[in-house]
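Dear colleague,

I am passing on the structure below, followed by notes on what was found in it. Please read the notes with the conventions given along the way.

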Amino acid sequence: MRTQLIAMEVSLQETPDQLHKAVCKGSIPLRSDALCLHIEDELSVYGVPLRWAITSVDQATQRAHVEAVVTLLD
Amino acid sequence: MHLKRSHTTVLIVPTGIGAAIGGYAGDALPVARAVAQVTDRLITHPNVMNGAQMYWPMENAYYVEGYGLDQFAAGHWGLKPVHQNAIGLVIDQAMEAELRWRHFQAADAARATLGLNVSAHVVTDMPLGVTLKTADSGASWGTLENPDSLLRAAERLITEAGVGAIAVIARFPDDEGSAALQAYRQGEGVDGLAGAEAVISHLIVRTFEIPCAHAPALAPIPLDPSISPRSAAEELGYTFLPCVLAGLSRAPQFVSSKLGADLLTDVHTGTGGRDRGDVHSHQASPGIVADSTISQAHPAVDPAVIWSAQVDAVIVPATAFGGSAVMNLAPLLNRQGGQVIAVGDNSTTMSVRAADLGIRAISVGSYLEAIGAIAAYQAGVTHTALRPETHLIPSLDKCHS
């Protein structure tokens, strides 16, 4: 196993089908708990999420900057 | 007859983000002590409770490692209070003999003076290889060269010694007087060790689902008479281990169950209602069997187990809403009339405010005000009634006109 630091951006407005139940009624932005799932889903591309945080949000572009540590199997 | 149910508060000060209060050496512990007086159950984490050789056990405080807190907040895990945990020590092979002995003696001291049950130790079969990093945000992070060695050591303690909690002592890189260390000792900047510490404890909690906390092992640094009181707790000796052992000795165990998720779903879907009282009250919910036999047999319906659906308030620095725990708890509290409290004067290197994520929060200037907001809630008083302006009741009709 290895640990790796990741930085990435996610949209606050994406609404994947699997999250439709958790999206605020009638609004576009993901609710924050749904956004957690979305971030962990995005991080899974890099490895298994261990620790992450949104460190800033760009309101103009509706994108969040995320820093994370993931684990990867050797 | 007093029928009020227990009030539960989660206090979060994320580690490694330069929090003005809680970003140094146990300097959020006074906040925890004060908050514990206005809530029945305080759930918080090692960064808040640990002050190296300083600690303050509280009967109503639950010491929950960050990964476990995230799982609790998401409704995946419950917290089962314990009378005591047997603690196992994982010692990084990279530690020099003298540092190793200092930590053994700290553990022996905790056994002899506090009566703690430190029951076994294992030295890792490889050096853990801690590397410290600072991300673009200014937060400290870290990685391990040999995480499998850490997990093998923890597994031996669990399977061979039957411990219920793990304290890890890893050899961290010595700092020869960097500007970052100087700033930290002056009560400024970011704790450069914190991010790596969190990675270590998260790995164990994620893998074994038991309490864990970490104490870094470092060579003593030269005396500096000018250090900040906020950083002073880490200047007292050879080890940061005592607070970790004290915290772990009563840390709640994790209960992982689909039933826990079902309880949360009941609340999410409204079937649990605003009465987010004890799990007992949820046992009457559809799909949850109120059977005392099952209650005893199944930890998820044990009334002593605490679930996120029972949280009434979460307190977070106003700029640090981007963590998993608060992002999961806040929508739950927003829907159910609980309190999400954003503390303005606890500045951090983050810049994620509640409004950025669509979270409704009570903005307060300080922890003093946060404590007042909880006291008012407990008294049945809306916090807005304690401010000089009282606005007209908003009309929902106007929103649709």
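In chain B of this predicted model, strand S13 (residues 339–343) pairs with S14(B) in the parallel sense over 3 bridges, where pairing requires that DSSP find at least two bridges between two strands, and where helices (H or I, at least four residues) and strands (E, at least two) are DSSP runs numbered from the N terminus. Within S14(B), B:Ile362 is the residue that stands opposite B:Ile341. Both strands belong to an open sheet of 6 strands in chain B, with parallel pairing and the order S3-S2-S1-S12-S13-S14. Its edges are formed by strand S3 (61–63) and strand S14 (362–364) of chain B, each of which pairs on one side only, and the twist from one strand to the next averages 20°.

As to conventions, residues are numbered from 1 along each chain as its sequence is written, while chains are lettered from A and ligands numbered from 1 in the order in which they are written. Because the model is predicted, local features need pLDDT of at least 70 and side-chain atom pairs count only at pLDDT 80 or more, whereas totals for chains, interfaces and linings use all residues; side-chain values use heavy atoms, with hydrogens and water left out.

Turning to the interface, the contact (heavy atoms within 4.5 Å) takes 29 residues from chain A and 34 residues from chain B. The area buried between chain A and chain B, that is, the accessible area (1.4 Å probe) that the two parts lose on being put together, summed over both, is about 2,600 Å², and carbon and sulfur atoms give 60% of that area. Of the area that chain A buries against chain B, 28% is supplied by A:Met1, A:Leu50 and A:Arg51, more than any other three residues.

The rule for polar contacts (a pair of N or O atoms within 3.5 Å; within protein, one must be able to donate a hydrogen and the other to accept it, and residues adjacent in sequence count only if both atoms are side-chain atoms) finds 13 residue pairs across this interface, both residues at pLDDT 80 or more. On the side of chain A that touches chain B, the elements giving two or more residues are strand S1 (2–11), helix H1 (32–43), strand S2 (48–58) and strand S3 (63–72) of chain A, and the largest share, 10 residues, comes from S2(A).

With kind regards

Definitions and conventions
Axes fitted to C-alpha atoms, helices over the stretch in contact; angles between N-to-C directions.
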